[in-house]
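Colleague: Could we go through the charged pairs in this one together? I would like to take them one at a time.
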Amino acid sequence: MPESGQKTTQEHITETAPGEAARRTGLLVTLVLGGLTALPPLSMDMYLPALPEVTGALHAPAATIQLTLTACLAGMALGQLVVGPMSDRWGRRRPLLIGMIVYALATAVCALAPTAELLIGFRLLQGLAGAAGIVIARAVVRDLYDGVEMARFFSTLMLISGVAPIIAPLIGGQILRITDWRGVFHVLTVIGVLLTVVVWRFLDETLPPERRHEGGVGQALRTMRGLLADRVFAGYMLTGGLAFAALFAYISASPFVVQEIYGASPQTFSLLFGLNSIGLVAVGQINGKLLVGRVSLDKALGWGLGTIVLASLALLLMTSGVFGEVGLVPVAAGLFVLMSAMGLAMPNTNAQALMRTPHAAGSASALLGTTSFLVGAVASPLVGMAGEHTAVPMAVVQLSCAVLAVACFLGLCRPWQAAPGAEGARRTAA
């Protein structure tokens with residue numbers, strides 16, 4: 001063991017198959033990747049209970065303050081388009097460290113922003129830098145895993161990263177008890193610094209030089225064009241992006257729905273948000289431990305998408321008054337079902353898409369993430385267009401995105417034809 005323990009992750013990959021290399025990396029790398037994928041929900045969800053307070057502190061309307069979420073999300077989307085191809089060319093480690101350092105600095109500046117406009121600008125920079133953690137974590141998974149093992153690992157990753165949305169609003173709510181909204185960004189700065197140190201110390205390179213792309217921007221664009229020309233890959237990309245948009249409509253609207261419309265406290269909102277995140281994590285683990293290997297990934301994905309459509313329809317009927325006046329409990333139950341179903345949709349879309357792209361994991365991961373975050377950024381302001389005293393726009397956006405996700409899944413992925421193609425992608429990856 002001492003001799004094996006002295007080897008880097010890169011040496012393991014060059015000597016062994018992806019599955020064996022992944023096993024040798026062990027729990028430590030799993031935790032590091034989980035921390036990187038937890039960064040987006042930490043950046044978003046810890047800040048959510050403070051949104052109503054920020055509107056008053058910066059003297060800005062709710063729709064403007066919701067743009068601080070949109071800016072961060074758009075930054076994470078656009079940043080992935082840059083960092084993903086960079087990681088295919090220069091390896092995973094260097095772009096990741098640069099991104100994490102910039103993230104910590106930008107987050108520190110967010111805490112000092114005197115106006116909503118400046119806060120929006122620095123949240124954009126925070127998102128651009130934080131994109132490195134998202135895209136490279138997925139690319140590392142593709143470096144180390146394949147096929148069913150990759151789907152299982154994404155579900156495990158969801159368990160780790162799923163702790164973030166559970167505790168983030170709770171932490172945010174407690175921070176607001178002792179300080180103002182700026183304290184949330186101080187805590188995020190500390191988390192960013194700690195995660196940077198952990199990455200520098202424990203995450204070795206996973207992409208050996210012989211598997212890197214030597215081309216510049218032109219080569220990266222050609223690679224992405226080739227990926228987009230793959231109908232099935234594009235189908236999973238759009239399906240996952242639209243499902244994420246339904247999720248983000250909930251994220252951006254729920255603070256106002258729960259606190260302003262139903263009169264709940266920031267702490268109550270945090271508890272409800274954490275409960276919904278538990279549902280997502282639990283279903284993700286059912287997917288990874290019980291369904292993957294027994295049920296096709298497409299079938300599990302279809303179950304998840306169908307449940308999201310039904311939950312969104314129920315929310316629209318409840319919030320539009322079809323059932324008369326409803327309280328917080330039925331609406332919270334609908335949101336819980338919608339969030340839980342994401343545990344089937346998200347890991348399986350990622351696994352199915354990345355299984356087709358062993359040759360360009362960084363670029364493929366960038367396209368997956370960028371699509372999700374851009375569509376989510378578009379959905380965010382739409383939920384606030386009718387003001388902060390109605391939940392109907394949130395439900396309309398969620399149902400629209402869910403129906404479009406099903407249409408892309410059936411029309412582009414064509415799951416009834418997916419078995420031969422998926423098998424071929426596995427043979428190519430092997």
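Colleague: Which residue forms a salt bridge with Asp-143, and how far apart are the closest N and O atoms?
Modeller: Asp-143 pairs with Arg-92, and their closest N and O atoms are 2.8 Å apart; a salt bridge here is a side-chain nitrogen of Lys or Arg within 4 Å of a carboxyl oxygen of Asp or Glu. Bear in mind that this is a predicted model, in which local features need pLDDT of at least 70 and side-chain atom pairs count only at pLDDT 80 or more, while totals for chains, interfaces and linings use all residues. Residues are numbered from 1 along each chain as its sequence is written, and side-chain values use heavy atoms, with hydrogens and water left out.
Colleague: Which parts does the pair of Asp-143 and Arg-92 tie together?
Modeller: Asp-143 lies in helix α7 (residues 116-144) and Arg-92 in the loop between α5 (62-90) and α6 (93-110), so the pair ties together parts 51 residues apart in sequence; helices are DSSP runs of H or I with at least four residues, numbered from the N terminus.
Colleague: Is Arg-92 buried or exposed?
Modeller: Arg-92 is buried, with a relative accessible area of 2%, where buried means under 20%, exposed over 50% and partly exposed in between, using a 1.4 Å probe and protein chains only.
Colleague: What else does the network of salt bridges with Arg-92 and Asp-143 include?
Modeller: Asp-88 is linked into that network as well, its side chain meeting Arg-92 at 3.0 Å, N to O.
Colleague: Changing topic, which residue does Arg-356 pair with?
Modeller: Arg-356 forms a salt bridge with Asp-230, with the closest N and O atoms 3.0 Å apart.

Technical notes:
Helices (H or I, at least four residues) and strands (E, at least two) are DSSP runs, numbered from the N terminus.
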